[in-house]
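Have the model open while you read.

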Amino acid sequence: CSSDLNFKENFHPINDFSASYTIVIEDTKKTLIIEVNGSNLKCYYGDKKDAEVSAKTSDEVMNNIVEGRMTFQRAFMTGKLTAKGNFKTLRTIDQLFEFKTL
């Protein structure tokens, strides 16, 4: 992950949990890939066709999430983030990453 997104610093692994997420950041035209397998975390920009959750949001909303001002769940519930795929897995992302307000 890019260091400004703070994913590694705020990663809280869940035993025996694995998932993959793609988050399209629409204004930058970048796709953030997050792969979790137990305590292993891989984050990178690229393409992944078989992610369990595919989401879209804006750069501003993504910054609000990683700065602790909004959760993924709240962004989804307010329509600021759209997602498709496994919604149980989507809800788990807020447990995997607990961002603190900067």
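1. Take F87 to begin with: at 36% relative accessibility this Phe counts as partly exposed (buried is under 20% relative accessible area, exposed over 50%, partly exposed in between, with a 1.4 Å probe and protein chains only). F76 is partly exposed too, at 25%.

2. A word on the basis: this is a predicted model, where local features need pLDDT of at least 70 and side-chain atom pairs count only at pLDDT 80 or more, while totals for chains, interfaces and linings use all residues. Residues are numbered from 1 along each chain as its sequence is written, and side-chain values use heavy atoms, with hydrogens and water left out.

3. How many aromatic pairs are there? The count is 5, pairing rings of Phe, Tyr and Trp (its six-membered ring) with centres within 6.5 Å; planes under 30 degrees apart are stacked, over 60 edge-to-face, and the rest tilted. F7 and F97 have ring centres 4.9 Å apart and planes at 85 degrees, so they are edge-to-face. F7 sits in the segment before β1 and F97 in the segment after α3 (87-96), 90 residues apart. Both F7 and F97 are buried.

4. F76 and F87 make a tilted pair, 5.5 Å centre to centre with 45 degrees between the planes. Since F76 is in helix α2 (residues 72-77) and F87 in helix α3, the pair ties together parts 11 residues apart in sequence (helices are DSSP runs of H or I, at least four residues, and strands runs of E, at least two, numbered from the N terminus).

5. Ring pairs also join F7, F11, F97 and F99 into a cluster.

6. Lastly, the charged end of K30 sits over the ring of Y45, 4.8 Å from its centre (the rule: NZ of Lys or CZ of Arg within 6 Å of the ring centre and within 35 degrees of the ring normal).
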